[in-house]
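Me: I am new to this structure and would like a close look at just one part of it. Could you pick a spot and walk me through its surroundings?

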Amino acid sequence: IKDIAVKTGDMAIEIVTRIGSQFYLRPQEVNALFGGGKVKKGAITDAITLGERLKFDKDTGEYYFDLKVNDGTAKSGTFDRYVYVDKGTANLLIDYINNGGSLKDVMAKVGKLIKNNNLSDNKNAFYDFRKRAKSTGEKISFEEQSIMDYMLGHNKNRIDAIYKGRREGLT
């Protein structure tokens, strides 16, 4: 899908496709971040709101989305989390927004692009990105699976137990 997104020549579609296919955000999380449907307070619409949602970790030199349950950027029933984004994607997003671009309602366009290219028969084709991530999880180590679970917003109790064990010297 990323190749098809690039061929459209639409930078917004390319950015949202990267975010979905590489970082596995849920459709409602993408909409909350970028203002799909009715724009929510805090959605990324300009350089100011971009800086509130896309953070830069000075210690690691990495960018991340700061997703929170209480503001709707993380799905209800999951947990607050950071989703790290590669510099290339972060820079595309920063340049696009700073030059007046908008990602409002782009997720719906990506879903149509997926369907129009017969890449999914799922009613909500964007979810197939997450399904692919889950099937990848069957082929990776336990530690890598824990990282993926965190990115997906899954299994918080297992993740907490791992960190508790590390703090207590058990693992």
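Reply: Happy to! Let's start with V69, which counts as partly exposed because its relative accessibility is 28%, between the limits of under 20% for buried and over 50% for exposed. Please keep in mind that this is a predicted model.

Where does V69 sit? V69 belongs to the loop between β2 and β3. Setting aside neighbours within four places in sequence, V69 is in contact with A74, K75, S76, T78, F79 and D80. Take D80 from that list: V69 and D80 are 11 residues apart in sequence, and their C-alpha atoms are 5.7 Å apart in space.

Now let's step back to the strands on either side of this loop. β2 and β3 belong to an open sheet of three strands, in the order β1-β2-β3, with antiparallel pairing. β1 (54–57) and β3 (81–85) stand at the edges with a single partner strand each, so one side of each has no neighbour in the sheet. On average, neighbouring strands of this sheet are turned by 40° against each other, direction ignored.

The pairing of β1 with β2 can be followed in more detail. β2 covers residues 62–67, and four bridges join β2 to β1, the two running antiparallel. For D57, the bridge partner in β2 is E62.

Finally, a helix joins the picture. Helix α5, residues 87–98, packs on the sheet and touches β1, β2 and β3. The direction of α5 makes about 70° with that of β2.

Note on methods:
Residues numbered from 1 in each chain as written. Predicted model: local features only at pLDDT ≥ 70, side-chain atom pairs only at ≥ 80, totals over all residues. Heavy atoms only, no water. Pairing = 2+ DSSP bridges. Axes fitted to C-alpha atoms, helices over the stretch in contact; angles between N-to-C directions. Contact = heavy atoms within 4.5 Å. Buried < 20%, exposed > 50% of the residue type's maximum accessible area, 1.4 Å probe, protein only.
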